[in-house]
Amino acid sequence: MTQRKILFALKKIELAKQQGFFAEALLKNYHLNLQLLKFIFAHCSVTKSVHNKKVKIIIAELNTELNTNPRLKAIISKKSLKNINHWILKIDVFFKTLKLKEPANTKDLLAEGELVLGILNISATKIFSI
């Protein structure tokens, strides 16, 4: 994961939003957030692997790693992880609803996902600057 890949993904998300494809923008935002979470976890946890792990497990392991690794506290806070976990739970409900009908909260989740992306992007920038 590099700054260039992040900017490219952000341009794709913005283009989908401008064209009115909010569900596509939300999915792209979700995947970018997931990649950033995996990048942060892989950088901060030397012993554990992120390969084939679900998002909830990554967040739970980041919480436990946050208690033991003081270097991680400078990169991402517990409050930020709590906000990210809350958004992930909402996205899970969105995906379950998507199987049955068209969800009505796509724009709201996209706006909240952009806030989560901002938090993760700040954390990734801190990692890039180290």
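Helices α2 (22-44) and α6 (106-129) are among the elements that cover the buried residues of α1, with contact meaning heavy atoms within 4.5 Å. Helices here are DSSP runs (H or I, at least four residues), numbered from the N terminus. The model is predicted: local features need pLDDT of at least 70, side-chain atom pairs count only at pLDDT 80 or more, and totals for chains, interfaces and linings use all residues. Residues are numbered from 1 along each chain as its sequence is written, and side-chain values use heavy atoms, with hydrogens and water left out.

**Helix α1**

Helix α1 spans residues 3-18, 16 residues in total. From first C-alpha to last it reaches 22 Å, close to the 22 Å expected at 1.5 Å a residue. That expected span is 1.5 Å times one less than the number of residues.

Which residues of α1 are buried? They are Ile6, Ala9, Ile13 and Ala16. They sit on the same side of α1 because they cover an arc of only 90° around the axis. The arc is taken from the directions from the helix axis to the C-beta atoms. The other side of α1 holds exposed residues: Arg4, Leu7, Phe8, Lys11 and Gln18. Buried means under 20% relative accessible area, exposed over 50%, and partly exposed in between (1.4 Å probe, protein chains only). After α1 comes Gly20, with a positive phi near 90°.

**Salt bridges**

Side chains of opposite charge can pair when their charged atoms come close. A salt bridge here is a side-chain nitrogen of Lys or Arg within 4 Å of a carboxyl oxygen of Asp or Glu. The count by this rule is six. The table gives some of them.

| Pair | N to O distance |
|---|---|
| Glu114 and Lys17 | 2.7 Å |
| Lys56 and Asp92 | 3.0 Å |
| Lys28 and Glu24 | 3.8 Å |

Glu114 and Lys17 form a salt bridge. Glu114 lies in helix α6 and Lys17 in helix α1, so the pair ties together parts 97 residues apart in sequence. Glu114 is partly exposed at 30% relative accessibility. Lys17 is also partly exposed, at 22%.

Lys56 pairs with Asp92. This pair links distant parts of the chain, 36 residues apart: Lys56 is in helix α3 (residues 55-68) and Asp92 in helix α5 (residues 78-100). Lys56 is partly exposed at 44%, and Asp92 is partly exposed at 21%. Elsewhere, salt bridges that share partners join Glu14, Lys17 and Glu114 into one network.

Lys28 and Glu24 both lie in helix α2, four residues apart, about one turn of the helix. Lys28 is partly exposed at 28%, and Glu24 is partly exposed at 38%.

Key. Helix = DSSP H or I, 4+ residues; strand = E, 2+ residues; numbered from the N terminus.
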